[in-house]
Amino acid sequence: MGERMQGLPNFNYKVASGANESVVMNVIRRRGPISRVDIAKLTDLTPPTVTNITNKLMEWNYITEYMIGESSGGRRPVLLKANPDLADLVVIKARSREIVGYLINGGFEIKKQISHSIKDVKQEDALSLLLETIEACLAESSSTVAAVGIIVRGPVKFSEGISVFAPNIGWRNVPLKFIVEDKFHIPTFVENDVQAMAQGEYYYGPDREAKSLIFLGVSYGLAAGIVINGELYRGLSNSAGEFGHTTVDVAGPVCSCGNYGCLEALASEAALVAAMVKSIKEGRDSLVCDLVDGDMEAVRAEHVYQAAEQGDELAGRILRQIARYLGIGVANIINIFNPEMVIIGDGIVRGRKFIEETMQQTIRERALESCYGPASIRFSATGDESMLKGIVDLVLRNIL
């Protein structure tokens, strides 16, 4: 590159000067407010080492003494918390029908949000909009932006920062990291949307004590984020988690990948819409038809949920059909991974009240008891929040 890459001044060098500093900083970011005693327990570092490191981090203004905690028998502990203004970051979310840019700090405070529709936009124009959005977010920051995080649908090569295939835009093997770094000279990281949500759920959700967690993101696509022994599993070619393209019905409908009977073609929101449109065109009555004024091209998942809320029989029946296939998918996950926790998130959560009972029953019927017994299964209602927390955590972890 023609210029030295920007970043938070001295940030990388100070913390990266010692692995223990990075470990302690990450624990405080994720678990704060937290006491030095609890930091020592979580990191297996000695209390004097933790004290020395936290004193350094306070001197550098990376952490602060937040409050006095409750006593467990001795002196009341001082609780530490990461300085939310540790870094400004730019996060870009290229999903569904829009590109959304955020100027966000290390405490997840959104300082600016900018949106651009990419419906019917050409691939190269979508890339131009992405760069324009980054530029606009940078202009809103009053301090140096430490890094850029980009969230895309579809598989990515994380280390190279390549969007292998973004189905909503049509990108194939687009080197987003190189393009952004070459233009702005800021460290850039590219992550799959479901992997970002999985990391946000694992590090900041209620199940962060779990050693194994599978996050199943179900929207118009379907994929999984896999956490094993506290680490995100990416697979040999960064493609782990493409669970939507496992076959559950060899005679099933064609999938977006070209195969037949994939779970995504039977249990996603795209499958939900396709089944509803097909049924209406075959002559079945539904409130969905009225909600879109008879325009079948305009049907979206939210119309099906809305119709179900109003007691529409066809919408309820199709949602239960989706739920059975989703239950088969979750049962397969439980049988393969035997995880502590399966979390179902993203758009499908809007239909939870109509699918949960059928899905859980199917899981009980199809999962092996030895695998199903110890597993917990829950829905997440924090899709975008988890996604943003996941990408911010990933970026800070890497620049640390």
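**View 1. Helix H5 and what lies over its buried side.** The cover over the buried residues of H5 includes strand E4 (88-95), strand E5 (98-105), strand E6 (110-117), strand E7 (145-152), strand E10 (171-174) and H6. Cover here goes by contact, meaning heavy atoms within 4.5 Å. This is a predicted model, where local features need pLDDT of at least 70, side-chain atom pairs count only at pLDDT 80 or more, and totals for chains, interfaces and linings use all residues. Residues are numbered from 1 along each chain as its sequence is written, and side-chain values use heavy atoms, with hydrogens and water left out. Helices (H or I, at least four residues) and strands (E, at least two) are DSSP runs, numbered from the N terminus. So which residues of H5 are buried? They are Ala126, Leu127, Leu129, Leu130, Leu131, Thr133, Ile134 and Cys137. Buried means under 20% relative accessible area, exposed means over 50%, and partly exposed is in between (1.4 Å probe, protein chains only). H5 itself (residues 123-140) has 18 residues and runs 26 Å from its first C-alpha to its last, close to the 26 Å expected at 1.5 Å a residue. That expected span is 1.5 Å times one less than the number of residues in the helix.

View 2. The term stands for a side-chain nitrogen of Lys or Arg within 4 Å of a carboxyl oxygen of Asp or Glu. By this rule, the count comes to 22 salt bridges. Glu181 is buried, at 8% relative accessibility.

**View 3. Arg234 and its surroundings.** Where does Arg234 sit? Look in the loop between E14 and H8. Arg234 pairs with Glu191 in a salt bridge, the closest N and O atoms being 2.6 Å apart. Arg234 is in the loop between strand E14 (231-232) and helix H8 (264-267), and Glu191 is in strand E11 (residues 188-192), so the pair ties together parts that are 43 residues apart in sequence. Both partners are buried: Arg234 has a relative accessible area of 17%, and Glu191 has 0%. Setting aside neighbours within four places in sequence, Arg234 is in contact with Phe158, Glu191, Gln199, Ser239, Ala240 and Leu394.

**View 4. Glu209 meets Arg31.** Here the two side chains come together in a salt bridge (3.1 Å, N to O). The pair links distant parts of the chain, 178 residues apart: Glu209 is in the loop between helix H7 (193-204) and strand E12 (212-218), while Arg31 is in helix H2 (residues 19-31). Is Glu209 buried or exposed? Glu209 counts as exposed, at 56% relative accessibility. Arg31 is partly exposed, with a relative accessible area of 23%.

**View 5. H2 packs against H15.** Two packed helices are described by the angle between their axes and the distance between the axes. For H2 and helix H15 (residues 383-399), the angle is about 165 degrees and the axes are 11 Å apart. Axes are lines fitted to C-alpha atoms, for helices over the stretch in contact, and angles run from 0 to 180 degrees between N-to-C directions. H2 and H15 are therefore roughly antiparallel to each other; angles under 35 degrees count as roughly parallel, over 145 as roughly antiparallel, 65 to 115 as roughly perpendicular and the rest as oblique. Asn26, Arg29 and Arg30 in H2 meet Asp393, Leu396 and Arg397 in H15.

**View 6. H9 packs against H12.** Helix H9 (residues 269-281) and H12 pack at an angle of about 140 degrees, and their axes lie 10 Å apart. H9 and H12 are therefore oblique to each other. From H9, the residues Ala271, Leu272, Ala275, Met276, Ser279 and Ile280 meet Leu314, Ala315, Ile318, Leu319, Gln321 and Ile322 in H12.

**View 7. Helix H13 and its cover.** In H13, the buried residues are Phe354, Ile355, Thr358, Met359, Gln360, Thr362 and Ile363. Covering them are elements including helix H11 (301-309), helix H12 (313-337), strand E15 (341-345), helix H14 (369-372) and strand E16 (376-379). The 15 residues of H13 (residues 352-366) should span 21 Å at 1.5 Å a residue, and the end C-alpha atoms are 20 Å apart, which agrees.
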